[in-house]
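Me: Got a model open here and want to go through a helix and a few strands. Can you take me through them?

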Amino acid sequence: MPRSHDATPTHCPYCALQCGMNLRPHADGTGTGTGVAVEERADFPVNRGALCGKGRTAPAVLSSRVRLTEPLIRSRPGGPLVPAGWDEALDAVAAGLTRTRRTHGPDAVGVFGGGGLTNEKAYALGKFARVALGTSQIDYNGRFCMSSAAAAHQRAFGLDRGLPFPLEDVPRTGCVILVGSNPADTMPPAVRYLTELKEAGGTLVVVDPRRTRTAELADLHLAPRPGTDLALALGLLHLVVAEGRTDTEFIAARTTGWEDARAAAMAHWPEHVERITGVPVPRLRRAVELFCAPESAMVLTARGPEQQAKGTDTVGAWINLCLATGRAGRPLSGYGCLTGQGNGQGGREHGQKADQLPGYRKLTDPAAREHVARVWGVDPRTLPGPGRSAYELLDALGGDVKALLLMGSNPLVSAPRAAHVEERVRSLDFLAVADVVLSETAALADVVLPVTQWAEETGTTTNLEGRVLLRRQALTSPPGVRSDLEVLHGLAARLGLEKGFPTDPEEVFGELRRASAGGPADYSGITYDRIAAEQGVFWPCPEGSAGTPRLFLDRFATEDGRARFAPVTHREAAETPDAEYPLLLTTGRVVAQYQSGAQTRRVAELNEAAPGPFVELHPRLAARLGVADGAPLAVTSRRGRAVAPARITDAIRADTVFMPFHWYGEGRANTLTNPALDPVSRMPEFKVCAVRVEPA
């Protein structure tokens with residue numbers, strides 16, 4: 001129920017824009033019985049009042065008709081989930097985790113988090129795993145989103161923040177190359193930055209195998225074969241060198257490693273790159289001309305080039321293009337990653353990731369372990385080392401990892417090779433899930449814990465700009481629901497830790513500030529009051545700092561202050577077409593659904609707009625298969641088979657099919673996808689695999 005009659009300023013629960021909105025009590029809410037309505041919040045600078053359909057309808061998931069409102073327990077193996085009290089449910093979770101630890105050791109217990117958790121929850125979850133459980137086996141679904149860009153950021157610049165500048169800089173630059181991103185569908189309020197860029201005389205180049213709604217805005221659309229973005233970037237850099245467009249002064253003064261990167265690029269001459277990518281040489285030359293002509297330019301990437309088994313190198317090649325032309329570390333220029341999940345940025349900064357401690361500290365760094373252990377009041381020698389990455393953790397379920405605590409994720413839909421992951425989840429000795437709805441993964445749990453949602457709790461998130469924001473509680477949650485912080489507090493107490501896991505989010509944030517102090521992602525100068533007064537604060541923000549909206553203008557975050565070129569070369573995707581699987585599959589999102597669909601598939605308006613999966617294919621391919629629009633198509637890879645209606649369009653390459661990944665069941669796209677991992681980021685290759693397509 002509403003807490004007051006005043007509007008509460010807060011933020012959308014979905015993507016990494018974290019659009020501002022106001023929640024106002026309403027007699028009948030949005031017609032769903034939630035008692036609250038969304039109003040625009042025009043003063044928030046990121047979206048300036050604009051909201052997409054997901055944001056407008058977000059209160060619908062607050063309804064008791066679609067959400068979890070009481071704990072559930074499976075009273076016997078194979079039996080149904082039945083309602084239970086909180087003490088019974090928490091006792092059961094603590095018993096399951098304790099039993100596994102005693103029998104098989106602490107690393108037999110896994111923890112899997114989510115990129116939608118607030119900073120406070122992500123911090124507390126990482127602490128709980130390492131202190132209360134003593135396990136190294138923790139990772140989160142954000143590994144599937146930005147990890148390749150993060151690894152490339154670290155390698156080139158010494159620091160990972162999605163955008164090194166605020167979004168307000170985008171319309172003021174001269175050219176944007178947008179690689180593997182479709183914000184018209186994934187974050188619609190961000191499209192205004194691209195239209196304003198063009199209105200100001202700038203140009204837009206979109207790289208995507210599909211002619212998306214975003215690509216239709218472009219001055220130049222490059223449609224490479226999926227899995228060849230690395231070759232494309234190298235070909236553009238080759239042309240930059242051949243045409244004398246490098247910024248030699250910038251290279252000499254602010255970078256290192258140029259000669260090796262240059263040599264690697266020169267092995268990718270235009271005609272060779274055209275054969276690899278399918279992008280004609282004149283279009284390659286035009287892209288270089290548009291990028292290099294103005295004084296400033298940016299490259300922005302998203303999941304397209306990143307969700308590949310060579311994603312780190314691919315992003316590194318696009319960074320090389322920026323460095324070679326002096327389009328980094330300068331106003332209105334640079335490389336940036338368009339983070340996907342609501343707190344995908346903050347979620348990877350404060351210990352939810354397998355190899356990290358709060359403040360983006362390395363778990364292998366003795367000084368980092370000493371600092372964080374001191375904040376936590378434990379011996380640093382007791383902290384476990386790095387654990388498995390997300391897919392490797394899921395793959396180990398039922399084997400080395402016998403029990404799992406899962407918060408805010410639905411891997412049965414979102415993980416690659418999803419049928420195999422489902423088998424692994426089903427093989428667990430014990431599974432506990434904390435979530436707001438009964439997702440497909442939660443339905444397999446031994447214990448399900450219903451937790452509060454975005455409008456029912458206070459906490460911080462960090463958007464794609466590195467702007468730390470404050471979500472404010474606008475509603476009181478239903479009586480049978482508790483916060484994730486209360487869940488962790490209750491479990492820690494049952495595991496013998498009466499202190500150290502507070503339930504007040506501002507108290508947790510205060511501890512996070514101390515733990516992050518002096519680290520790469522330093523939040524020590526950020527407070528709830530500052531966030532509210534300043535419409536967000538950009539990290540790094542040490543105590544006494546004004547924050548850092550723009551990074552790298554004076555020096556990069558490496559030891560010597562110089563950016564590092566990456567000497568990368570093209571290599572094929574983990575799978576390439578052959579006689580048995582002659583086509584390529586790529587996956588993505590649609591505007592009316594979000595991620596695994598666990599929440600958006602429960603909203604009638606969104607389901608009406610996007611009722612189910614489909615297979616997008618070119619008319620020539622459809623003619624060859626003899627299928628009509630809407631006919632059921634079977635798509636088969638080496639990992640399984642999915643069936644969905646055909647959607648015929650000339651907006652996709654003839655050698656490629658596309659499926660959105662929001663659905664479970666026979667149309668589950670991730671049944672097909674390849675878990676081949678990037679050797680650095682451990683990102684699975686979601687964006688390209690070999691398939692065959694036939695009438696179902």
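Me: Which residues of helix 9 are buried?
Reply: This is a predicted model. In helix 9 (residues 258-266), the buried residues are Trp258, Ala261, Ala264 and Ala265. They lie on the same side of helix 9, because the arc they cover around the axis is only 130°.

Me: And what is exposed on the other side of helix 9?
Reply: Glu259 and Asp260 are exposed there.

Me: What do the buried residues of helix 9 pack against?
Reply: Their packing partners are helix 7 (229-242), helix 8 (248-254), strand 11 (255-256) and helix 13 (311-324).

Me: Which residues sit on which side?
Reply: Arg467, Leu469 and Arg471 are on one side, with Val468 and Leu470 on the other, and both faces are covered. In a regular strand, side chains alternate between the two faces of the sheet.

Me: What does strand 20 pair with?
Reply: Strand 19 (residues 459-462) pairs with strand 20 in the antiparallel sense over 4 bridges. Strand 21 (residues 537-538) also pairs antiparallel with strand 20, over 2 bridges.

Me: Which residues stand opposite Arg471 and Arg467?
Reply: Arg471 has Gly459 opposite. For Arg467, the bridge partner in strand 21 is Phe538.

Me: Which residue takes a positive phi in the hairpin of strand 19 and strand 20?
Reply: Gly466 does, with phi near 85°. That hairpin has 4 residues between the strands.

Note on methods. Residues are numbered from 1 along each chain as its sequence is written. This is a predicted model: local features need pLDDT of at least 70, side-chain atom pairs count only at pLDDT 80 or more; totals for chains, interfaces and linings use all residues. Side-chain values use heavy atoms; hydrogens and water are left out. Buried means under 20% relative accessible area, exposed over 50%, partly exposed in between (1.4 Å probe, protein chains only). Two strands pair if DSSP finds at least two bridges between them. The arc is that of the directions from the helix axis to the C-beta atoms. Contact means heavy atoms within 4.5 Å.
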